[in-house]
Amino acid sequence: MEGVLTGLARWPVKSLGGEALGAARLDWRGLGGDRAYALLDQREGRDGRWLTVRQAPGMLAWSAAYPEAPDDRLDPADPPPPTLRGPDGRVWGWDDPGLERALADDLGLAVRRHRDLGGQQDLRASVLVTTEASRLAVAGALGRPLELRRFRTNLHLELDAPPFAEQRWEGGRLQVGEVTLELLTPCARCVIPTRDPDDLSRWPELLRWLHRRNGGLFGVNARVVTAGRVWAGDPVAVTEPLVLADPRPSNDWDVAPRGDLAPQSDRGVP
């Protein structure tokens, strides 16, 4: 299957809004700078666990970007502190001493900032891949537009493939420009995509439809095999596995930060 990379995005702070890109660098961590930062829940009994939209929907009203390292200028081994924008339009640096208080006041719970160079994706050191055919199929079935931002994808593809073909890619390969990725499990969806990224309103029928018609799946996880740069508009090619896999969802949802997956040569990076 062949096509083109039509969308490229990273999410500097887990569960906050992110930024669309024209180009990016990928390595064993995933897409450079993606979820390198997170907010940790400081409530009793949850201390140190990632805070997500499921616990604090107001996180969707915040966004993060790397203005000092746009596109592929960001070094995946050392992403700079991101800049956050609050729902009132105020801009904060990650290291601003008043940021945690501003977040706590807006979200209604105490938080702590956390950085992890290994990335803090739900499935560690992974890249989320989605297809335009699947997005259009869901939108058509539900009779309303479907914003890709709901799914927090990294790489969005247009391919000569039918909707939901990606659910049978596990064990295959994805070539995007000079980057090669191993295709992993389909992505199991929780309630987060049901929240509108602009006004926070809920759309529960989206998740009901995905569970009723598609096993709760949308998109596929991948892991970088050959690092490099990609650009929006790059050609893409998918090689399916010799034995097609049964769709099997990832179950790494909303877990505490885990140990480093870096190769030995990268261990010890601050």
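I will go through the cores first, then the aromatic rings.

A word on ground rules. This is a predicted model, where local features need pLDDT of at least 70, side-chain atom pairs count only at pLDDT 80 or more, and totals for chains, interfaces and linings use all residues. Residues are numbered from 1 along each chain as its sequence is written, and side-chain values use heavy atoms, with hydrogens and water left out.

Now the cores. A nonpolar core is a set of buried Ala, Val, Leu, Ile, Met, Phe, Trp, Tyr and Cys residues joined through side-chain atoms within 4.5 Å. Buried means under 20% relative accessible area, exposed over 50%, and partly exposed in between, with a 1.4 Å probe and protein chains only.

How many residues does the largest nonpolar core have? It has 26. Val13, Leu39, Leu51, Met59, Trp62, Leu84 and Leu107 have the most contacts inside it. Two elements give two or more residues to this core: strand 5 (37–41) and helix 1 (99–107). Helix 1 gives the most, with four residues. Helices (H or I, at least four residues) and strands (E, at least two) are DSSP runs, numbered from the N terminus.

Look at Trp62. Leave aside its neighbours within four places in sequence, and Trp62 is in contact (heavy atoms within 4.5 Å) with residues including Leu16, Leu84, Trp92, Leu103 and Leu107. Apart from this core lies another, of 25 residues, among them Leu21, Leu26, Leu31 and Ala165.

Next, the rings. Rings of Phe, Tyr and Trp (its six-membered ring) pair if their centres lie within 6.5 Å; planes under 30 degrees apart count as stacked, over 60 as edge-to-face, and the rest as tilted. The whole structure has four aromatic pairs.

Take Tyr37 and Tyr66. Their ring centres are 6.4 Å apart and their planes are at 55°, so this pair is tilted. Tyr37 is in strand 5 and Tyr66 in the loop between strand 7 (63–65) and strand 8 (83–85), so the pair ties together parts 29 residues apart in sequence. Is Tyr37 buried or exposed? Tyr37 is buried, at 2% relative accessibility. Tyr66 is buried too, at 1%.

Now Tyr37 and Trp94. Their centres are 5.0 Å apart and the planes at 65°, so this pair is edge-to-face. Trp94 is in the loop between strand 9 (91–93) and helix 1, so here the pair ties together parts 57 residues apart in sequence. Trp94 is buried, at 7%. Ring pairs link Tyr37, Tyr66 and Trp94 into a cluster.
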